[in-house]
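Welcome! Here is a short tour for anyone meeting this structure for the first time.

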Amino acid sequence: MDFALSPELLALRDRARAVAADGVAAFGRHNDSWINGYSKEFARVMADEGWIGMGWPTEYGGQARPAIERLIVAEEMISAGAPVAAMWFADRQMGPSLIAYGTEQQRTAFLPGMLSGDDTWCIGMSEPDAGSDLASIATRAVRDGDHFVIDGQKIWTSFGHLADYCYLICRTNDSGLPHRGVSEIIVPMDLPGIEVRPITDMIANRHFCEIYFTGVRVPADHLVGVEGDAFRQTMVQLAHERGGIDRLVSNRALFVEACSRADRADPRVRQQIAALEAEFRVGRLLVYREALGQAPDGFSAATKAFCTEHQQRVAWFAAAQLGPAAMLESPWTTGVLYAPSYTIAGGTSEVMRNILGDRVLGLPREPR
Ligand SMILES: Cc1cc2nc3c(=O)[nH]c(=O)nc-3n(C[C@H](O)[C@H](O)[C@H](O)COP(=O)(O)OP(=O)(O)OC[C@H]3O[C@@H](n4cnc5c(N)ncnc54)[C@H](O)[C@@H]3O)c2cc1C
């Protein structure tokens, strides 16, 4: 396979690199900038460049550009640490979900605000007693005439306090198997009965939130796809989001900086740098294979585990180069302390290996 980029793709990469550098200069550099770098202003810059909905069909306002183009832009943005968080979930996940499963009315109502960079979406999936085991969710939506009435609690919802809409995964029926009866509903975040409580994480970020829903009335036509059959839809979204470049390059800038401070004359340090760079390049091939649709079904779980574990090793390497100064408050410290989250967000490494065992390797399931 020839991975050389055409002159057009190189020009796109250079443009993206320049815009990313401007974004970092204006809004700071963020580790995992698709979660920690929140700026609506920069989301509008992305929209003006035509970098939201790049691959969406033209009839829905997208540009039907090949997946490789979105990958190039995303790689430049997140490697540099540019603040793409305000548009990221909408571009990566919610837009494609509405295009795949939504109604025409939903596409007309919600896609333009995503494409302009004006609307931020959060994902209301995890609950205090349902993380890896998503089928255990208890947040309930009960039909009442032409509305759903929602009660329950979500947790770890990134940007819950800033989002315009929540893409809510909830239970509409609890007779039958747990993964039956799950539905996806679009919830405007300004509805009465919604209380958002931000959570401060250990690096003083405040993207995590708890969201409490008490008797929240949502129009029934905000249901996405088939009522009670959304578990399958959610799994497809998760499989898609796991294999992306955001899982590999989120602390690339930290690696570059750590290498520049490292004692590169030390043979042990040289070994570490070479090993990390080799991993990075393998991870990049895995991600490109996902984007080009060439990976086996379910393999994004392996791509995610491989790439996010690499990002953690990068953080430990950076900490070792910094030495005791890693204890002091600096962008390095936050980059190091943030690292455990890489193998949790979007599904833990253990769960990724379960998926790989079940779906790709066909191993027998462990008895429950
Ligand atoms: C940075 C970040 C951003 C996030 N953003 C969002 C968001 O926007 N919206 C949202 O809904 N959620 C979000 N999450 C939550 C995330 O999806 C969950 O943390 C994740 O799915 C794990 O669930 P849990 O925390 O409940 O852990 P648990 O599921 O309780 O797992 C605890 C431990 O048990 C292990 N374990 C669990 N089940 C198995 C099994 N079957 N086999 C082997 N080991 C197992 C896990 O690997 C883990 O080590 C975010 C998390 C992070 C870190």
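## Before we start

This is a predicted model, in which local features need pLDDT of at least 70 and side-chain atom pairs count only at pLDDT 80 or more, while totals for chains, interfaces and linings use all residues. Residues are numbered from 1 along each chain as its sequence is written.

## Three domains

The chain is divided into domain 1 (7–119), domain 2 (123–228) and domain 3 (243–360); such bounds come from an automatic or database domain assignment. Between the C-alpha centres of domain 1 and domain 2 there are 24 Å.

Domain 1 has 14 residues in contact with 13 residues of domain 2, where contact means that the C-beta atoms of two residues, placed from the backbone, lie within 7 Å. On the domain 1 side, at least two residues each come from helix H2 (33–36), helix H5 (85–101) and helix H6 (104–115). Helices (H or I, at least four residues) and strands (E, at least two) are DSSP runs, numbered from the N terminus. H5 gives the largest share of that side, 6 residues. Sorted by class, the side of domain 1 that touches domain 2 has 8 nonpolar, 5 polar and 1 charged residues. Here Ala, Val, Leu, Ile, Met, Phe, Trp, Tyr, Cys and Pro count as nonpolar, Asp, Glu, Lys and Arg as charged, and the others, Gly among them, as polar.

## Around the ligand

Which residues are closest to the ligand? They are Met125, Gly131, Ser132, Ala345 and Thr348, in a shell of 19 residues that surround the ligand.

The shell around the ligand holds 8 nonpolar, 10 polar and 1 charged residues. Both domain 2 and domain 3 give residues to the shell, so the ligand lies between them.

## Helices side by side

Two packed helices are described by the angle between their axes and the distance between the axes. Axes are lines fitted to C-alpha atoms, for helices over the stretch in contact, and angles run from 0 to 180 degrees between N-to-C directions. Angles under 35 degrees count as roughly parallel, over 145 as roughly antiparallel, 65 to 115 as roughly perpendicular and the rest as oblique.

Helix H1 (residues 7–27) and helix H4 (residues 67–80) have axes that come within 8 Å and cross at roughly 30°, and the two helices are therefore roughly parallel to each other. Their contact includes Leu9, Leu12 and Ala16 of H1 and Ile68, Ile72 and Val73 of H4. In class terms, the contact of H1 with H4 has 11 nonpolar, no polar and 4 charged residues. For H8 (residues 252–261) and H10 (residues 300–322), the axes come within 9 Å and cross at roughly 30°, so these helices are also roughly parallel to each other. Among the residues making this contact are Leu254 and Phe255 of H8 and Val314 and Phe317 of H10.

## An oblique pair

H5 also packs with helix H7 (residues 230–242), at an angle of about 140° and with the axes 11 Å apart. H5 and H7 are therefore oblique to each other. Arg92, Gln93, Ser97 and Tyr101 in H5 meet Gln233, Gln237 and Glu241 in H7. This contact of H5 with H7 is made up of 1 nonpolar, 4 polar and 2 charged residues.

Terms used:
A residue is near a molecule or strand if its C-beta atom, placed from the backbone, lies within 6 Å of it.
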